[in-house]
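Welcome, and please open your viewer so that we can walk through this model together. Keep your selection tool ready, and we will go one stop at a time.

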Amino acid sequence: DGEREFDVVLANIYSDVIQERALELAQRLAPDGWFAFSGCPDIHHDTTRAAIEGAGLHIEEPLRRGRWHTFVGRHR
């Protein structure tokens, strides 16, 4: 169902997919839901973060482990 919303959206995929699908992921997230997107290397950090925020999501907790980043947050 393309209209269904989810309380949690988790994505551990390549950062270019997160960038391309950020708006779609945001639309599927329930208004009170939260997300965690990971799989983002240092080199794509800025563009991935911009795509997530541009989709109307607020990153509450950026995490880093080595060269990998995870973004955790909610709708703005």
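A salt bridge, as the term is used here, is a side-chain nitrogen of Lys or Arg within 4 Å of a carboxyl oxygen of Asp or Glu. With that rule, a search of the whole structure turns up four salt bridges, and we will visit some of them below.

Two notes before we start. This is a predicted model, in which local features need pLDDT of at least 70 and side-chain atom pairs count only at pLDDT 80 or more, while totals for chains, interfaces and linings use all residues. Residues are numbered from 1 along each chain as its sequence is written, and side-chain values use heavy atoms, with hydrogens and water left out.

**Stop 1**

Select residues 6-12, strand β1, and residues 29-41, strand β2. Helices (H or I, at least four residues) and strands (E, at least two) are DSSP runs, numbered from the N terminus. β1 and β2 pair in the parallel sense over six bridges; two strands count as paired if DSSP finds at least two bridges between them. Click on N12 and you will find S38 of β2 opposite.

Together, β1, α1 and β2 form a right-handed β-α-β unit. To check the hand, point the strands away from you: in a right-handed crossover, the path from the first strand over the helix to the second runs clockwise.

**Stop 2: S15**

Is S15 buried or exposed? S15 counts as buried because its relative accessibility is 3%; buried means under 20% relative accessible area, exposed over 50%, and partly exposed in between (1.4 Å probe, protein chains only). Leaving out residues up to four places away in sequence, S15 touches G39, C40, P41, H44 and T48, where contact means heavy atoms within 4.5 Å.

**Stop 3: a surface patch**

Next, select V8, L10 and W34, which make a nonpolar surface patch of about 270 Å². Patches consist of residues with over 30% relative accessible area and no salt bridge, with like charges joined within 9 Å and nonpolar side chains (Val, Leu, Ile, Met, Phe, Trp, Tyr) within 5 Å. Accessible areas come from the Shrake-Rupley method with a 1.4 Å probe, and for residues only the protein chains shown count as cover. L10 sits in strand β1 and is exposed, at 60% relative accessible area.

**Stop 4: salt bridges**

Show the side chains of R21 and E24, which meet in a salt bridge at 2.8 Å, N to O. These two are three residues apart in helix α1, so about one helical turn separates them.

Move to helix α2 (residues 45-54), where R49 and E53 lie four residues apart, about one turn of the helix. Their closest N and O atoms are 3.2 Å apart, in another salt bridge.

Then pick R74 and E60, whose side chains meet at 3.9 Å, N to O. R74 is in strand β4 (residues 68-75) and E60 in strand β3 (residues 57-65), so this pair ties together parts that are 14 residues apart in sequence.

**Stop 5: R64**

Finish at R64, in strand β3. Its relative accessible area of 55% is why R64 is called exposed. R64 touches D42 and H69, not counting residues up to four places away in sequence. How far is R64 from P41 in space, C-alpha to C-alpha? The two are 9.4 Å apart, although 23 residues apart in sequence.
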